[in-house]
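I opened this notebook to record what I looked up in one structure. The entries follow the order in which I consulted it.

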Amino acid sequence: MTKALYIFCFALFFGGLLYHFIPLKFFNFVIPKDAGSQLRVQNVSYGSDPQQRLDVYEPKFRTALLPILIFVHGGSWKVGNHSDYEFAGRAFASKGYLSLVISYRGLPNHVYPDFISDVALAAKWATDYGAEFDGDTSKVFIVGHSAGAYDAAMAVLDKRFFEAAGVDLAVVKGVAGIAGPYDFLPLDSPATIETFGHVADLPATQPINFARTDAPPFLFLHGTADKTVYPKNSRSLQKHLTDKGAKATLIEYKDASHVGILLDIAKPLRGNAPVLDDIDKFFKDILQ
């Protein structure tokens with residue numbers, strides 16, 4: 001990788017320029033790819049809505065069935081597409097996962113709880129079809145960033161979503177939430193008001209209120225410089241879970257921002273914070 005490209009990626013990392021000014025597709029185009037990964041199939045439907053799509057990434061070399069990892073992107077429940085997150089799909093595939101990067105229904109046509117249901121429906125697709133891609137359908141992990149971390153947490157903690165999708169929650173072996181909102185009442189931002197303002201029972205929208213003893217292990221990752229979703233969200237849900245006796249681990253990265261913590265998954269930026277390695281270690285420890 002050239003020095004100029006490193007400088008370019010560093011500029012993207014600083015100030016969240018990527019989300020606001022530079023398309024993620026361009027970022028995926030210019031950064032070096034994880035050599036041990038490949039796109040297996042793209043734009044697969046896991047539901048009838050055009051937004052219910054996913055891409056499948058896999059390691060190039062494997063000798064056994066692969067644990068399945070579902071990545072749920074952020075974007076205030078309004079912005080983003082599965083095809084924008086190739087860097088994440090490839091990163092997790094390079095670590096030995098069958099990596100599913102999903103889109104989900106969101107604003108303006110869909111509000112709470114449709115996007116949560118979509119995480120469960122994607123898990124249903126994973127258990128129904130993952131074996132066709134050498135995936136181990138008994139070992140599913142979920143990773144979400146920002147709004148996607150909220151979606152993942154709610155889908156797993158509120159058992160009704162997996163039950164409605166016809167998926168056994170026991171297949172979910174672990175969840176990693178990156179910079180997620182889990183405890184954000186009262187509604188005080190345009191994004192949360194637009195997404196949840198219609199809900200009569202607002203406490204029922206908060207992941208902290210579904211903490212339970214038998215929850216799968218959770219890993220929370222948050223940057224101390226996050227001004228979009230404050231670290232108190234991860235601290236709060238981690239405490240609620242551990243108070244119930246569930247396993248929940250929190251890692252905070254000094255000076256990492258809301259966007260930066262996600263971009264640190266990409267190959268050129270992993271020196272900033274070991275987000276990818278920390279998630280991989282947490283999941284691999286579960287599998288031992």
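**Entry 1: Asp 134**

I began with Asp 134, which counts as partly exposed because its relative accessibility is 32%. The terms are set as follows: buried means under 20% relative accessible area, exposed means over 50%, and partly exposed lies in between, with a 1.4 Å probe and protein chains only. I then looked up where Asp 134 sits, and found it in the loop between H5 and strand E5 (135-145). Helices (H or I, at least four residues) and strands (E, at least two) are DSSP runs, numbered from the N terminus. Asp 134 is not a glycine, yet its phi is positive, at about 65°.

I noted the basis of the work here: the model is predicted, local features need pLDDT of at least 70, side-chain atom pairs count only at pLDDT 80 or more, and totals for chains, interfaces and linings use all residues. Residues are numbered from 1 along each chain as its sequence is written, and side-chain values use heavy atoms, with hydrogens and water left out.

**Entry 2: Ser 146**

I looked up another positive phi in a residue other than glycine, and Ser 146 has one near 55°. Ser 146 belongs to the loop between E5 and H6. Is Ser 146 buried or exposed? Ser 146 is buried, because its relative accessible area is 9%.

**Entry 3: cis peptide bonds**

I checked the omega angles next. The bond from Leu 107 to Pro 108 is cis, with omega near 5°. The bond from Tyr 112 to Pro 113 is cis, also with omega near 5°. I located Pro 108 in the loop between strand E4 (98-102) and helix H5 (114-129). Pro 113 is likewise in the loop between E4 and H5.

**Entry 4: the chain as a whole**

I recorded 11 helices and eight strands in the chain. The chain is as compact as a globular protein of its length, because its radius of gyration is 17 Å, close to the 19 Å that the globule rule gives for 288 residues. The radius is taken over C-alpha atoms, and the rule is 2.2 Å times the number of residues to the power 0.38. The C-alpha trace spans about 55 × 40 × 35 Å along its principal axes.

Of the 288 residues, 56% count as buried. I also looked up the contacts (heavy atoms within 4.5 Å). Among those in the chain with a separation of 6 or more, 76% join residues 24 or more positions apart.

**Entry 5: the nonpolar cores**

I then turned to the nonpolar cores, which are sets of buried Ala, Val, Leu, Ile, Met, Phe, Trp, Tyr and Cys residues joined through side-chain atoms within 4.5 Å. The largest one has 57 residues, and Ile 70, Ile 142, Tyr 150, Phe 162, Phe 218 and Leu 241 have the most contacts inside it. Which helix gives the most to this core? Helix H6 (residues 147-157) does, with nine residues. A second, separate core has 37 residues, including Ile 31, Ile 178, Ile 265 and Ile 279.

I followed Leu 241 further. Not counting residues up to four places away in sequence, Leu 241 touches several residues, among them Leu 157, Ala 215, Phe 218 and Phe 220.

**Entry 6: aromatic rings**

I looked up the ring pairs of Phe, Tyr and Trp (its six-membered ring), whose centres must lie within 6.5 Å; planes under 30 degrees apart count as stacked, over 60 as edge-to-face and the rest as tilted. The count comes to 21 aromatic pairs. Phe 218 and Phe 220 form a stacked pair, 5.6 Å centre to centre with 20° between the planes. Both Phe 218 and Phe 220 are buried. A cluster linked by ring pairs contains Trp 77, Tyr 112, Phe 115, Tyr 150, Phe 184 and Phe 196.

**Entry 7: Asn 28**

I found Asn 28 in helix H3 (residues 24-30). Asn 28 is buried, because its relative accessible area is 4%. What does the side chain of Asn 28 reach at 2.9 Å? The side chain reaches the backbone nitrogen of Phe 87. A polar atom of that side chain also lies 2.7 Å from the backbone oxygen of Asp 84. Beyond its neighbours within four places in sequence, Asn 28 is in contact with residues including Lys 33, Ser 83 and Tyr 85.

**Entry 8: Asp 280**

Asp 280 counts as buried because its relative accessibility is 13%. Not counting residues up to four places away in sequence, Asp 280 touches Lys 95 and Tyr 97.

Definitions and conventions. Polar contact = N/O pair within 3.5 Å; in protein donor to acceptor, adjacent residues only side chain to side chain.
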